[in-house]
Amino acid sequence: MTLEFVSRWFNRLPEYERDLPLLLVNGVAYTPRVALQEVMRGTALGARLQALIETGRFGTPLQDEVALAKIRLKTLLTRYPPDKPIVATIGTPQLPGKTYTPRELIEEIERETAVGKQWIQGEIARMKSLMALRR
C-alpha cells in the first residue's frame, strides 16, 4: 500500500478524530495526524503505523486496547468544564438515572465501574469504526 492509502483514510476521519490517539506502537499512542506525518516523512515509525492502518489494527493486545480507549475518553472529557454535567442516564436495571460531570465520568472509566465499562466498550467500538474507514 502507499501514502495515498493512508492519506485517503486520514481524510475520511472526522476532523476532531484526527488529533485523538488511535494507534499504539511500543506503548506510545499516536494520533492519525502524527501517523500521516510519519508516513509522509518515510520513517521506520511511519512504516509501522502504515502497516497498522492497512490491516485495520490499533497495534494493541486487548489489555492495551482498553488503555487506549481510556486515554481517548480522558482526552475528550477534559475538553469540558470538569464539574458541569454533560451526560444524563435514564434509569434502567443496569444504570440508575443520574447526571455525570466529566470528572465523574473519568473516575467511572478509571475504576472500570459498570458505567465506565460501557463507556470503554463504546469507545473501542468507535475506534474500530474509525479503522474501518480505511476501505
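In the predicted model, the largest nonpolar core contains 32 residues. Trp9, Leu22, Leu23, Ile53, Ile120 and Met131 have the most contacts inside this core. Seven named elements each supply two or more residues: helix H1 (3-12), strand E1 (23-25), helix H2 (32-41), helix H3 (44-55), helix H4 (62-77), helix H5 and helix H6 (114-132). H6 gives the most, with six residues. In soluble globular proteins, nonpolar side chains tend to be buried together.

The packing of H1 against H2 was examined next. The two helices meet at an angle of about 160°, and their axes lie 10 Å apart. Angles over 145 degrees count as roughly antiparallel. H1 and H2 are therefore roughly antiparallel to each other. Their crossing is left-handed. On the H1 side, the contact is made by Leu3, Val6, Ser7, Trp9 and Phe10. On the H2 side, Pro32, Arg33, Leu36, Val39 and Met40 take part.

Helix H5 spans residues 102-111. Its buried residues are Pro102, Leu105, Ile106, Glu108 and Ile109. These residues lie on the same side of H5, because they cover an arc of only 160° around the axis. An α-helix has 3.6 residues a turn, so residues three or four places apart point the same way. Glu112 follows H5 and has a positive phi, near 55°.

The overall architecture gives the setting for these features. The protein chain holds six helices and four strands. Along the sequence, their pattern reads α-β-β-α-α-α-β-β-α-α. The C-alpha atoms fill a box of roughly 50 × 25 × 25 Å, taken along the principal axes. Of the 135 residues in the protein chain, 39% are buried. Contacts were also sorted by sequence separation. Among those between residues at least 6 apart in sequence, 55% join residues at least 24 apart.

Key: Residues are numbered from 1 along each chain as its sequence is written. This is a predicted model: local features need pLDDT of at least 70, side-chain atom pairs count only at pLDDT 80 or more; totals for chains, interfaces and linings use all residues. Side-chain values use heavy atoms; hydrogens and water are left out. Buried means under 20% relative accessible area, exposed over 50%, partly exposed in between (1.4 Å probe, protein chains only). The arc is that of the directions from the helix axis to the C-beta atoms. A nonpolar core is a set of buried Ala, Val, Leu, Ile, Met, Phe, Trp, Tyr and Cys residues joined through side-chain atoms within 4.5 Å. Axes are lines fitted to C-alpha atoms, for helices over the stretch in contact, and angles run from 0 to 180 degrees between N-to-C directions. Angles under 35 degrees count as roughly parallel, over 145 as roughly antiparallel, 65 to 115 as roughly perpendicular and the rest as oblique. A crossing is left-handed if the near helix is turned anticlockwise from the far one by less than a right angle, and right-handed if clockwise. Contact means heavy atoms within 4.5 Å.
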